Amino acid sequence: RRDAETVARLLALDARELPVLFVRLTASPREAVDAPALLAALSKRFGEQACLLLIVEAEPRGAATVAGIDNLLVYFAGLRGHDELAAYCKAVEVGLRWLDGQPLRAREFGAFDEVMEACIGDAGYCAH
């Protein structure tokens, strides 16, 4: 019953008039490749103001945007040598500020392929 209530609340989310932040934590930087398709599915199901915070365990730490994909924020968590919980909390904090329209210091990529290159090119992670 509890699971059904959780699913019902999720399906009731409405991002047609107000933004809704969805968070996706990748288990591997290579999983980030699916982010544009996920964002499209979220927008189709919940509304055009569905926003995606994609948390990637890659270096360097910090936020990034992609030109032309205004409702996507990538956060490089850079977990090596850092407290995972603190890194995830920081990512969500930055995502909420971004959703609120507050100015962010963020790296800007010209295309999503550049994000993938940065993720997969994180040699330290790929060595694991």
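**Contacts and burial in a predicted model**

Helix α3 (residues 84-99) holds both Lys-90 and Glu-93, which are three residues apart, about one turn of the helix. The model discussed here is a predicted one.

Colleague: Which N to O distance is found where the side chains of Lys-90 and Glu-93 meet in a salt bridge?

Modeller: Both residues belong to helix α3, with about one turn of the helix between them. A salt bridge requires a side-chain nitrogen of Lys or Arg within 4 Å of a carboxyl oxygen of Asp or Glu. The side chains of Lys-90 and Glu-93 meet in such a bridge, with an N to O distance of 3.9 Å.

Colleague: Which residue joins Lys-90 and Glu-93 in one network of salt bridges?

Modeller: Lys-90 and Glu-93 form a salt bridge with each other. Salt bridges that share partners extend this into one network with a further member, Arg-97.

Colleague: How many salt bridges does a search of the whole structure find?

Modeller: Side chains of opposite charge can pair when their charged atoms come close. Among the bridges here, Asp-14 pairs with Arg-16, the closest N and O atoms being 2.7 Å apart. Glu-31 pairs with Arg-24, and there the closest N and O atoms are 2.8 Å apart. Over the whole structure, the number of salt bridges is four.

Colleague: Are Phe-22 and Phe-46 buried or exposed?

Modeller: Buried means under 20% relative accessible area. Phe-22 has 12% relative accessibility, and Phe-46 has a relative accessible area of 8%. Phe-22 is therefore buried, and so is Phe-46, which is also buried.

Colleague: Is the pair of Phe-76 and Phe-109 stacked, edge-to-face or tilted?

Modeller: Phe-76 lies in strand β4 (residues 69-76) and Phe-109 in strand β5 (residues 106-109), so the pair ties together parts that are 33 residues apart in sequence. Phe-76, at 2% relative accessibility, is buried, as is Phe-109 at 4%. The ring centres are 6.3 Å apart and the planes stand at 55 degrees, so the pair is tilted.

Colleague: Over which ring does the charged end of Arg-45 sit?

Modeller: A charge sits over a ring if, for Arg, CZ is within 6 Å of the ring centre and within 35 degrees of the ring normal. The charged end of Arg-45 is 5.1 Å from the centre of the ring in question, that of Phe-46.

Colleague: Which residues form a nonpolar patch on the surface?

Modeller: One of the members, Leu-13, lies in the loop between α1 (2-11) and β1 (20-25). With a relative accessible area of 34%, Leu-13 is partly exposed. The patch has about 310 Å² of accessible area together, and its members are Val-7, Leu-10, Leu-11 and Leu-13.

Colleague: How many disulfides does a search of the whole structure find?

Modeller: A disulfide is a covalent bond between the sulfur atoms of two cysteines. Cys-51 is buried at 11% relative accessible area, whereas Cys-89 is partly exposed at 45%. The number of disulfides found in the whole structure is zero.

Colleague: What distance separates the C-alpha atoms of Val-23 and Val-92?

Modeller: Val-23 lies in strand β1 and is partly exposed, with a relative accessible area of 44%. Val-23 and Val-92 are 69 residues apart along the chain, and their C-alpha atoms are separated by 7.9 Å.

How values were computed:
Residues are numbered from 1 along each chain as its sequence is written. This is a predicted model: local features need pLDDT of at least 70, side-chain atom pairs count only at pLDDT 80 or more; totals for chains, interfaces and linings use all residues. Side-chain values use heavy atoms; hydrogens and water are left out. A disulfide is a pair of cysteine sulfur atoms within 2.5 Å. Buried means under 20% relative accessible area, exposed over 50%, partly exposed in between (1.4 Å probe, protein chains only). Patches are made of residues with over 30% relative accessible area and no salt bridge: like charges are joined within 9 Å, nonpolar side chains (Val, Leu, Ile, Met, Phe, Trp, Tyr) within 5 Å. Accessible areas come from the Shrake-Rupley method with a 1.4 Å probe; for residues, only the protein chains shown count as cover. Helices (H or I, at least four residues) and strands (E, at least two) are DSSP runs, numbered from the N terminus. Rings of Phe, Tyr and Trp (its six-membered ring) pair if their centres lie within 6.5 Å; planes under 30 degrees apart count as stacked, over 60 as edge-to-face and the rest as tilted.
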